[in-house]
Amino acid sequence: MLRSFSWPILQVKKMVDNNSGGEADNFDWDTEDDLEIDNYAISAPSGLSTPCGEAVLGSAEAGSSGNSPNSKIIDHFVGMGFSREMVAKVVEEKGEENSDLILEALLEYSASTLPSSSNSKLIDHFVGMGFSEEMVVKVVQENGEGNTDSILETLLTYSALETTASVQQNPDSGNCSSDYEGSLLNDFSDFDSFSESEEIMSPSSEEGRKLLHLTKMGYSEAEASVAMERCGLCYLIHFCNIFLLMVGRMSKFHLDSIKDPRLFNCCIENVPDPTIEELTDFICAAQIAKAADALFPLEDKPFSNGSSHKKRRNWGYDLLLRKKKLKLEKRFDEDDDAVHLPNPMIGFGVPNEPDQITNRVLPEAALGPPYFYYENVALAPKGVWTTISRFLYDVEPEFVDSKFFCAAARKRGYVHNLPIDNRFPLLPFPPRTIHEAFPLTRKWWPSWDTRTKLNCLQTCIASARLTDKIRKALEDSDGEPPLGIQKFVLEQCRKWNLVWVGRNKVAPLEPDEVEMLLGFPRNHTRGGGISRTDRYKSLGNSFQIDTVAYHFSVLKDKFPGGINLLSLFSGIGGAEVALHQLGIPLKNVVAVEIAEVNRNILRSWWEQTNQRGTLTDIQDVQELNGDRLEQLIKNFGGFDLVVGGSPCNNLTGSNRYHRDGLEGKDSALFFDFCRILDLVKCIMNGTKSMII
DNA sequence: ACCATGATGAATATTTTC
DNA sequence: GAAAATATTCATCATGGT
């Protein structure tokens with residue numbers, strides 16, 4: 001189930017492109033299913049009540065007509081709540097003519113089997129998990145006792161429905177716990193009326209029945225989400241996003257992007273209409289997800305008096321949700337697509353090292369124009385790079401440690417569609433060891449400090465107190481300090497990238513030393529009103545020029561006349577500097593950067609290096625919408641390269657507080673990179689086809 | 001309001017040991 | 001090989017000084 005719908009538009013697009021792939025076979029192109037989707041999509045937002053049910057009912061009947069003769073009658077009874085196997089068996093025994101006889105037999109059969117023998121153990125099992133017996137009996141009856149997974153799923157669905165139904169009833173939705181109070185697991189006062197309404201509408205298939213749940217759930221979802229388009233695809237994406245949000249694998253793909261007509265049209269052409277089966281997956285996912293939304297914040301709240309009771313009653317349900325989540329994550333982890341870091345971390349190759357790869361096959365959807373280049377920290381939480389890769393057309397990330405280019409480590413992942421043959425490095429090579437980079441430190445460097453490379457240059461430096469502490473610790477002993485002291489000092493030196501600047505004296509790097517290590521021109525970030533703290537911060541967030549330039553070098557032959565660059569999250573202009581140092585002329589550069597100090601730094605560099613092109617400042621990626629892009633692209637005929645390193649602060653291990661993955665407040669801007677890149681592709685391809 | 005400073009671990013990967 | 005030890009990490013928050 002997961003594989004067939006996990007990835008939104010981009011991935012689906014790829015699956016269409018590579019139709020030979022096995023995954024594409026998961027899609028059912030049945031037109032009758034299309035009908036159901038259309039009916040749902042049009043009717044769901046317009047009203048909650050009958051139109052949805054009628055539409056579903058009608059199409060479900062149409063769907064069953066194509067099957068074997070007695071499938072319709074089977075569907076009928078399945079819709080009443082009997083298991084499919086049982087119905088089939090009874091129909092076979094009694095013939096399909098006399099429906100009363102069938103019903104009688106079914107009732108008798110289920111009465112004899114259910115409460116008593118074989119599956120009472122099964123029922124006990126689920127009741128033990130915290131579900132009400134009434135619900136378990138019903139669900140086991142519906143699903144048959146063979147498929148416990150399916151039972152569990154349905155139970156969760158019902159519970160989630162129950163939860164959200166009562167949440168909706170309560171107009172004061174500000175307090176989750178109070179909302180939830182009225183909808184505890186064992187209190188299924190609404191459950192009967194719910195199932196009753198199902199029977200009234202009586203859709204004649206399992207799918208149709210679940211679709212009703214979708215309309216019920218989907219309606220409130222749609223209402224809550226003002227931005228939603230009245231279109232089935234949008235619902236799909238929305239549910240998909242909610243689901244993935246719950247699974248914890250991605251942030252919501254900003255729905256705003258879906259609103260853009262260019263992107264939307266581009267996508268909808270390539271997205272097959274889903275089968276009902278997939279749709280029901282979305283339903284369950286959305287229901288579970290919504291319930292999870294209602295429940296998980298509860299945990300964070302301190303429990304006041306009397307609430308331990310509430311917590312205990314939630315416990316079984318909560319556990320189930322977690323189990324469900326774990327199960328899904330496990331399936332994720334078992335996936336062969338799990339990204340693993342190369343050791344040594346040299347990507348497709350680095351200068352002066354063996355094992356160069358000069359050939360790769362890119363997915364068709366990934367091919368330019370434009371070229372794109374995305375960067376972020378390699379050591380992100382699990383699953384993040386899988387998501388990034390999937391969203392960027394399934395291009396395999398290239399993980400490279402900049403310690404192969406300079407004297408400091410910098411483990412980064414790069415997803416790009418650049419050629420990888422005939423790369424060349426910037427010359428002269430920068431210093432590659434600490435001693436080469438800082439010759440003066442050699443005099444004071446103790447033999448027991450065996451470092452030759454610095455660790456990653458970050459945004460903060462060690463405190464004076466720490467270096468003082470180290471000095472004092474070393475002064476206590478003359479000559480070789482005790483091993484314990486050595487270990488402590490070395491640990492701190494590695495942690496804070498300290499260098500030896502005197503006898504027993506270590507110090508953090510100066511900002512201009514960081515500039516040099518990262519490959520920027522001296523004083524690149526100096527002056528113009530920027531504080532020392534901000535210099536460290538801007539530099540710590542930047543590219544390593546030599547590393548990036550090595551990847552960009554393949555563009556030099558391709559664009560002798562210069563390139564048009566869209567630089568997202570441009571920071572202090574790492575991409576611009578790298579291209580400039582490669583001798584690739586910059587024609588039109590659109591740089592999007594939120595921090596004013598960084599925009600000033602880039603502008604200042606632009607002027608000081610006498611650039612002949614034009615530099616356009618944009619403050620926020622959010623304001624770079626389709627209209628703006630269309631205008632820019634029309635002005636100078638498209639971008640040759642789109643570069644961006646989106647915020648890493650919710651991904652990096654340095655963040656003690658909000659390492660939230662791609663869902664994080666800042667790191668979620670990755671999805672704006674996707675949005676903008678996709679818009680650029682759509683607009684440029686559209687422009688091209690108009691010219692042709 | 002800006003700036004500098006010190007205190008604040010966990011997640012994950014890699015290496016070593018048994 | 002499995003388990004244990006070791007190593008690494010584009011940061012945030014509260015606070016005080018100016």
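Predicted model: local features only at pLDDT ≥ 70, side-chain atom pairs only at ≥ 80, totals over all residues.
Good morning. I begin with two helices: α21 and α22 pack at an angle of about 155 degrees, and their axes are 10 Å apart. That angle makes α21 roughly antiparallel to α22. The axes are lines fitted to C-alpha atoms, for helices over the stretch in contact, and angles run from 0 to 180 degrees between N-to-C directions.

Residues are numbered from 1 along each chain as its sequence is written, while chains are lettered from A and ligands numbered from 1 in the order in which they are written. Helices (H or I, at least four residues) and strands (E, at least two) are DSSP runs, numbered from the N terminus.

To return to the pair, α21 passes α22 in a left-handed crossing. A crossing is called left-handed if the near helix is turned anticlockwise from the far one by less than a right angle, and right-handed if clockwise. Which residues of α21 and α22 make the contact? On the α21 side they are L466, I470, A473 and L474, and on the α22 side I485, F488, V489, Q492 and W496. By class, this contact of α21 with α22 holds 8 nonpolar residues, 1 polar and no charged. Contact here requires that the C-beta atoms of two residues, placed from the backbone, lie within 7 Å. As for the classes, Ala, Val, Leu, Ile, Met, Phe, Trp, Tyr, Cys and Pro count as nonpolar, Asp, Glu, Lys and Arg as charged, and the others, Gly among them, as polar.

Next come helix α23 (residues 511-518) and helix α24 (residues 532-540), which pack at an angle of about 15 degrees with axes 10 Å apart. This makes α23 roughly parallel to α24. Their crossing is left-handed. P511, V514, E515 and L518 of α23 meet R532, R535, Y536 and L539 of α24. The contact of α23 with α24 divides into 5 nonpolar, no polar and 3 charged residues.

Further along, helix α25 (residues 545-552) packs against helix α27 (residues 574-582) at about 65 degrees, with the axes 9 Å apart. Here α25 passes α27 in a right-handed crossing. From α25, the residues I545, V548, A549 and F552 meet G574, A575, V577, A578, L579, Q581 and L582 in α27. This contact of α25 with α27 has 9 nonpolar, 2 polar and no charged residues.

I turn now to the sheet. An open sheet is formed by 7 strands in the order β2-β3-β1-β9-β6-β7-β8, with mixed pairing. At its edges stand β2 (398-401) and β8 (614-618), each with a single partner strand, so one side of each lacks a neighbour in the sheet. From one strand to the next, the twist averages 20 degrees. Two strands pair if DSSP finds at least two bridges between them. Strand β3 (residues 411-416) pairs with β1 in the antiparallel sense over 5 bridges, and Y374 stands opposite V415 in β3.

The DNA is my next topic. A residue is near a strand or molecule if its C-beta atom, placed from the backbone, lies within 6 Å of it. How many residues surround DNA strand C? There are 26, the closest being V377, N455, T459, G653 and S654. The strand β1 (371-377) and the helix α22 (483-496) each supply at least two residues of that surface, and β1 gives the most, with 3 residues. By class, the surface near DNA strand C has 8 nonpolar, 13 polar and 5 charged residues.

DNA strand B is surrounded by 16 residues, of which P381, S463, S531, R532 and T533 are the closest. Helices α21 (464-475) and α24 each supply at least two residues of the surface near DNA strand B. That surface has 5 nonpolar, 7 polar and 4 charged residues.

I close with the backbone. Most residues other than glycine have a negative phi, and most peptide bonds are trans. A cis peptide bond joins N343 and P344, with omega of about 0 degrees, and P344 is found in the loop between α18 (307-334) and β1. In the loop between α18 and β1 also lies N352, which has a positive phi of about 65 degrees although it is not a glycine. Another cis peptide bond joins L427 and P428, where omega is about -5 degrees; P428 is in the loop between β3 and α20 (434-437).

Notes
Parallel < 35°, antiparallel > 145°, perpendicular 65-115°, else oblique.
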